[in-house]
Amino acid sequence: MTAQVEPTADDDKITPELLKIASVVVLGAIMSILDVTVVNVALPTFQTELSSDGEPLAYSTVAWTATAYMLALAAVIPLTGWAADRFGTKRLYMTAITLFTIGSLACATAWNIEALIGFRVLQGLGGGMLMPLGMTIMTKAAGPHRMGRLMAILGVPMLLGPILGPIIGGVLIDAASWHWVFLINLPIGIIGLVFAARVLPKDAPEPSEALDVIGMILLSPGLAALLYGVSSIPEEGTVLATKVLAPAIIGLALIIGFVFWSFKPKHPLLDLRLFKDRNLTLSVITMFLFASAFFGALLLVPTYFQQVDGYSVKKAGLLIAAQGVGAMLTMPIAGALSDRIPVGRIVPFGFLGILVGLWGVAESTAPETSDWTIMAWLFVTGLGMGATMMPLFTAALRTLKATDVARGSTLLNVTQQVASAAGIATISVVLTNGMKAGAIIPGSDQIPGVEEGLTPAQLAAGSHTERGAQLVDTLKVPGSVLQDGFNDLADAFSTSYWVAFAVLLVTLIPVAFLPRRRQESNLQDGEDGVTPPIMMH
């Protein structure tokens, strides 16, 4: 039976009902975020096991399993705000879980690489809606007085996903097969779907808004083309490659066209008029810079452990878990504080932790540095991240009207998607170019696949693999040259971290303008300032 319950503004307790809603949203976030990094670990396996002629598939071919998912995310995220208003967040959230789960089952049954890429698109269409919808559900359920604490719960999978992904992927592939990378989503999806049907509050959709078709034609393909171009930078090694420039320019042209168009319809696909809200604007700018540095640099740490120290994917993942532990310690504290004091008095301390930790990581990349030292600096970085990300989301959405929350969360997720792609591409190019420094090892230009020759750093980076060890033996590389290569490789990682450090320093500018005074929330206000009833089971 359905009844109307009026929310009380002074009720700031985290009730069992709210925790149930949060658990549903976290399940969806875990599926969506983990699937990105889990699949990345499986790419070398796809090269051999999905080959039809016995020859390993090209890495650029299997990489489309990751790219297709990302492009589907980019295409569907802008539609989420309109669809949530049109069909209701509960109904759409359950649809997204269903799409993602069916897509996961289809991926596990893929018979060749083309089928897997196609099924990843289906999976991405569901996954792209899960995060913005989850943020919308959490924001509306929490209200202004509990928003920070509940958003901190949602932040756990956002920060731990990139860390746990390689560990889970490595374990599943070693213990079973690549199919389980996708099959693991089935029980999570079914539980999430049943749980969502039982505990998510019913909402009353407003079907009066027409879909902004022109905006959709401009923005969704524009974002997909831009992200494809940016994501091609590491593979091409330069921004000037046709594969990078052509889609990026087309994407930018479509996005610029959307910006001009978006102020004409009353309800655009992505409401840029929300930028009139000062807190949202500052939070989006800060989030863009922060996400580009975080995803760009800190996701290189597992690669550092594998290439410099020769550790397995699983061990590298376990070592960087220190970062996640740090974030888990400060995230609930930051969430509770952001319900009581302005985020402008919380986030600067978080950034201080990130800067100190990243400085330590950049200074500790020598091959002889102990694991414990790097783990300690990663722990400090995690402490800072836990006090940064979710307070930013809270600040962005708290002063929006309830009717604007879905579109505001969509705007934040589009920002994060573009920022992470740009950060990963930029830092990867810095690392790749750093590894190209140095003289070409004699004879390495005669080996198939590396006609341009290898530098000591490039040889060192692959020397822990079977093929890399064979190259060292074939070329009869002296131990001193290989050691110089490891030193050059460590320097390349250090340079990459310093670039991210510089971006974080620039981020301190918008951080300085975040609100330091308590502001009234419009979160429970309707269009006419009337508090709408919340529909509960």
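This is a predicted model: local features need pLDDT of at least 70, side-chain atom pairs count only at pLDDT 80 or more; totals for chains, interfaces and linings use all residues.
1. Ground rules first: residues are numbered from 1 along each chain as its sequence is written, and side-chain values use heavy atoms, without hydrogens or water. Local features need pLDDT of at least 70 and side-chain atom pairs count only at pLDDT 80 or more, while totals for chains, interfaces and linings use all residues.

2. Helix H15 covers residues 321-338; helices here are DSSP runs of H or I with at least four residues, numbered from the N terminus. Its end C-alpha atoms are 25 Å apart, which agrees with the 26 Å that 18 residues should span at 1.5 Å a residue (the expected span is 1.5 Å times one less than the number of residues).

3. H15 also has a kink of about 25° at Thr330, shortly before Pro332; the bend is the angle between axes fitted to the seven residues ending at a residue and the seven starting there. Thr330 is among the buried residues of H15, as are Met331 and Ala334 (buried means under 20% relative accessible area, exposed over 50%, partly exposed in between, with a 1.4 Å probe and protein chains only).

4. Leu240 sits in the loop between helix H10 (233-236) and helix H11 (242-261). With a relative accessible area of 68%, Leu240 is exposed.

5. Ser231 belongs to helix H9 (residues 213-231) and is partly exposed, at 29% relative accessible area. Ala421 lies 190 residues away from Ser231 in sequence, yet their C-alpha atoms are 6.2 Å apart.

Key:
Helices (H or I, at least four residues) and strands (E, at least two) are DSSP runs, numbered from the N terminus.
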